[in-house]
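Open the model in your viewer and keep the selection tool ready. The stops below go from ring pairs to charges over rings and then to a sheet.

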Amino acid sequence: AGAGGNIVASVGKDGVLLVDSGSADRSEQVLATVEDLSRLVTASPRPVQSCVGRTGGCPWWNSSEILPTIGGPPPPKPVVGIVNTSGDADHFGGNAAISAAGRRFGIRNLGSTVLGAWILAHEDVARRLVGRDVDAGLPTEVYFGDQHKLNFFNGEGVVVFHRPAAHTDGDSLVYFRGSDVLVAGDILDMTKYPVIDVDHGGSIQGIVDTLNWILDLVVVEHMMEGGTMVVPGHGRLIDAADLAYYRDMMTIMRDRVLEMRRRGMTLPQIQAARLTRDYDGRFGKDPSWTPAMFVEAIYRTLEPGTGVR
């Protein structure tokens, strides 16, 4: 945290996989932190496991366990890949520097030079970044459709999901199935109201639908703070209870604006009604995304009719 958007690192025998790379001006600090984590996690010698007395064979003796140990780079393991949850500068800004410092071990190009870390994003993000004045850090790989399965990485399955028309039209959520951690990007923001980027395909209904989708995916640890952990784009980690509260807030805000728009009220009239006042103490203190801006974004993504959208 603190380098732009939240960054998630999977650190293990296969190397380091990052979800988002933070802001460009914090790349050196991010790399230093990742290197410290990698050395801490992977520098310890692998415990010796014996097959003596095992009648069912050695379950640990398989390619996903042994090959990275004997064929992978020594500690600290490098960053081998980056998944971007969106095309926002505070999530992809560090791509260029971090990718150049990383490497894909076991793979060389035609010039026999070692390639840097790969960068994955949804096709809508890649298309938008190509249109910007961005000369480095562009995705080297894109995925299409609603789901993309990464290779089995650091002992667990990693699945990338695309959710259309939420924060933007190119949002990716990354689910670490073994760790039971879901990275949600800016669909969730625990520091302010979520930014609905209307100009890039975002919508209030898409955010509500995605929050309900996440609630269907996560598992609750009964009467405890635990279960599936969700990493928002900014702010603290949350669990299913926090997520349900956040979903309720977004649904209530949609319905409040929807009702006033159906009555024929204008945007200034709706903003003057201060529909967010009971949540502003928690989410309405960021001058870069004010309650009035949040209400305007909701208003703009609701059909005049309104059949929502």
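Rings of Phe, Tyr and Trp (its six-membered ring) pair if their centres lie within 6.5 Å; planes under 30 degrees apart count as stacked, over 60 as edge-to-face and the rest as tilted. A search of the whole structure finds 5 aromatic pairs. This is a predicted model, in which local features need pLDDT of at least 70 and side-chain atom pairs count only at pLDDT 80 or more, while totals for chains, interfaces and linings use all residues. Residues are numbered from 1 along each chain as its sequence is written, and side-chain values use heavy atoms, with hydrogens and water left out.

**Stop 1: a stacked pair.** Select Tyr193 and Phe294. Their ring centres are 4.5 Å apart and their planes are at 5°, so the pair is stacked. Tyr193 is in the loop between strand 9 (181-189) and helix 6 (204-217), and Phe294 is in helix 10 (residues 291-300), so the pair ties together parts 101 residues apart in sequence. Helices (H or I, at least four residues) and strands (E, at least two) are DSSP runs, numbered from the N terminus.

**Stop 2: charges over rings.** Select Arg282, whose charged end sits over the ring of Phe283, 4.7 Å from its centre. Next select Arg261: its charged end sits over the ring of Tyr299, 4.0 Å from the centre. For this, NZ of Lys or CZ of Arg must be within 6 Å of the ring centre and within 35 degrees of the ring normal.

Stop 3: Two strands pair if DSSP finds at least two bridges between them. Which way do strand 7 and strand 8 run? Strand 7 (residues 158-163) and strand 8 (residues 171-176) run antiparallel, joined by 6 bridges. Within them, Val159 stands opposite Tyr175 in strand 8.
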